[in-house]
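Please consult the sequence and the model while reading.

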Amino acid sequence: MDQCTHDIRKQQWAKMIQQCNSSGLTKREWCRQNGISTKTFYYRQKQMRNEAYCALAGKAQPEQVPSTQVEFAEIELPSSESLSMETVSEFHPDAVIRTCTMTVEVSSHASKEILRLIRALINHAS
């Protein structure tokens with residue numbers, strides 16, 4: 001989608017969301033009265049919120065960030081000998097990495113392999 005089309009749709013949905021919020025109706029009832037699927041409404045509302053957040057945070061726009069694709073990375077936990085349950089239950093991260101779509105908390109005890117996996121995950125998400 002080109003930027004012009006994106007901007008027009010963004011303006012239209014911002015207006016519709018504002019009308020819905022000020023109507024005094026539930027979102028479901030407003031959508032029914034206006035012939036809009038509630039799934040579509042909530043999807044667009046989420047997109048608008050994400051885009052606003054990213055703009056305020058100076059991050060990439062949501063269309064540049066894959067938000068619907070979920071990927072998992074297997075991370076091997078340290079052995080029970082090297083990490084007691086008391087340490088696990090009282091975890092305090094040494095570093096917190098935040099992107100537009102995720103937050104990762106990292107301990108200074110994280111292995112190089114775990115840090116490489118986290119880096120690859122963040123690079124893939126941005």
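This is a predicted model: local features need pLDDT of at least 70, side-chain atom pairs count only at pLDDT 80 or more; totals for chains, interfaces and linings use all residues.

Residues are numbered from 1 along each chain as its sequence is written, and side-chain values use heavy atoms, with hydrogens and water left out.

**Helix pair**
- The axes (lines fitted to C-alpha atoms, for helices over the stretch in contact, with angles from 0 to 180 degrees between N-to-C directions) of helix H1 (residues 3-22) and helix H3 (residues 38-57) come within 10 Å and cross at roughly 110°.
- H1 and H3 are therefore roughly perpendicular, a term for angles of 65 to 115 degrees.
- Helices are DSSP runs (H or I, at least four residues), numbered from the N terminus.
- The contact (heavy atoms within 4.5 Å) involves residues including Trp13 and Ile17 of H1 and Phe41 and Met48 of H3.

**Nonpolar cores**
- A nonpolar core is a set of buried Ala, Val, Leu, Ile, Met, Phe, Trp, Tyr and Cys residues joined through side-chain atoms within 4.5 Å, where buried means under 20% relative accessible area (1.4 Å probe, protein chains only).
- Eight residues form the largest core: Trp13, Ile17, Cys20, Trp30, Cys31, Ile36, Phe41 and Met48.
- H1 supplies the largest share of this core, three residues.

**Leu115**
- Leu115 lies in helix H5 (residues 112-125).
- With a relative accessible area of 40%, Leu115 is partly exposed, that is, between buried and exposed (over 50%).
- Leu115 touches Val106 and Ala110, not counting residues up to four places away in sequence.

Methods
Helices (H or I, at least four residues) and strands (E, at least two) are DSSP runs, numbered from the N terminus. Angles under 35 degrees count as roughly parallel, over 145 as roughly antiparallel, 65 to 115 as roughly perpendicular and the rest as oblique.
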